[in-house]
Amino acid sequence: MRRLLPLSIAATLAACAAPGPISERPSVAAQDLESITALLKRDFRERGQAKMDRTQLDEVQRICNLNADNPPESLAKPLEEAQMKAIKFPNGSLMGDWKNGERIAQSGRGSMWNDKPGVQQGGSCYNCHQLSPKVEAYGTLGPSLAGFGKIRGNRPEIQQYVYGKIYNAKAYSVCSQMPRFGHAGTLNEQQIKDLVALLLDPKSPVNQ
Amino acid sequence: MRSLAGTALLASAFAATPAWAQQSPYAEYQRMATESAPIELFEIAGEELWKKKQGPKNVSLQACDLGQGPGVLKGAYTHLPRYFADADRVMDLEARLLHCMTTLQGRSREEATKRVFGNADKASEMEALSAYVAGQSHGMPMRPGTAHAKEKATYDLGRKLYFHRAGPWDFSCASCHGEEGKRIRMSGLPVLFKPEYARPLMSTWPAYRVSTSKIVTLQWRMNDCYRQMRMPEPLFGSDTTVALIHYMTVTAEGVVYRGPGIKR
């Protein structure tokens, strides 16, 4: 019965999309953010690797919360530059092993209170993106990345872009919905390289 | 309590199914799942716990005031969350049950919340009680409290929390539940600030979750979403979780309560 579910939900979803703008998001002031953060500090407790410092907002989160994810250019630009500067780009080829990349992309483990710290974390990539066209269980919160390298090739600038985007998506679009996997410490250098290969290696299933 | 008759249960399951799902294979899946879901058993277990004398004061929960007067169960769930003067705060069903455990029965908060989320082998006391109490509101329209100043403040807080991005992955509720027609892996993502999505969902909690063979409550749902948002753990029945539940319930206001329901 469980196996029946994915297909049926896909069929269901195809029929359920209805148009309509999202206007429900309330505007928040700096004062609101302070009181919400204070509330979270009172109402949450640390568990496993999820410590209380996670309730503290950094400047990116603060600006995005204050501006409903659409800050003016004058605020967005300097923040994006600062995020970009903090990316640690390794020397040499940024292409790792796409096979391991596929495993990382499939895994939804990582940084949760019930995940063991230090153990290989996942990137949850398929939760939001289509990657290998063979994998049917992919999410649609992010754009499809099927055929990503086939279209763009894998020259060094592309590798650099993909590495940087996975490391810190906010360096490219400050209120991106995508987590900052390197910046947050979820994925390490080798894991991000393996994901670069998953997207760019001509042999990767993503590019078949 | 509802009868065990499969037909009655079936009819209610279909009524709770959004129109778009009724022609799909998902409706068939729901029908099959509903037929075999042991919700009635949880309600029976909950009734026993409601009447069981417990705690230092060795009394049952039968004098617990869920908002309609001590011991009044019929329709009580449909008016929750709401403001309670005796606690001077807005409470959802689970926060209120916990309040009764600590005040009426004299139990410590620590003891009463030691095992609020059960597993497939054994539901928690809170889960069984929730199923029993909510079941007494089956078929009645949901009218959470919105008139009191603290209810208005709770609603506003819940709305802000829904969109508040935080944690190592920069997530808010809206990161997943913010745009129509999106899915995570193969799971559809309801946009819970829209009544058309909130109504069918908020009217079926607590529910039997087929994928894990256990009864789940709204407090569990908030807890597990924050886990996946990579946040620390929200305290059971805290103002944060109650505000989110209140916000989503008010968004669904007026819907006929069809639970305890079935979830994937």
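Which residue in β6(B) is the bridge partner of Y208(B)? I looked it up and found I215(B).

I note first that this is a predicted model, where local features need pLDDT of at least 70, side-chain atom pairs count only at pLDDT 80 or more, and totals for chains, interfaces and linings use all residues. Residues are numbered from 1 along each chain as its sequence is written, while chains are lettered from A and ligands numbered from 1 in the order in which they are written.

**Sheet, chain B.** I traced an open sheet of three strands in the order β6-β5-β8, with mixed pairing (two strands pair if DSSP finds at least two bridges between them; strands are DSSP E runs of at least two residues, helices H or I runs of at least four, numbered from the N terminus). The edge strands, each pairing on one side only, are β6 (214-216) and β8 (261-263). I found β5 (residues 207-209) antiparallel to β6(B), over three bridges.

**Helix α9, chain A.** I read twelve residues here, 189-200. Ten of the twelve are buried (20 or more other C-beta atoms within 10 Å of a residue's own, with C-beta atoms placed from the backbone). Among them are Q191(A), D194(A) and L200(A). The buried residues pack against α5 (98-106), α7 (148-152) and α8 (156-167) of chain A, where contact is C-beta atoms, placed from the backbone, within 7 Å.

**Helix pair, chain B.** I saw P195(B), A198(B) and M202(B) in α10(B) meet M248(B), T249(B) and T251(B) in α12(B).

Key
Contact = placed C-beta atoms within 7 Å. Expected span 1.5 Å × (residues − 1).
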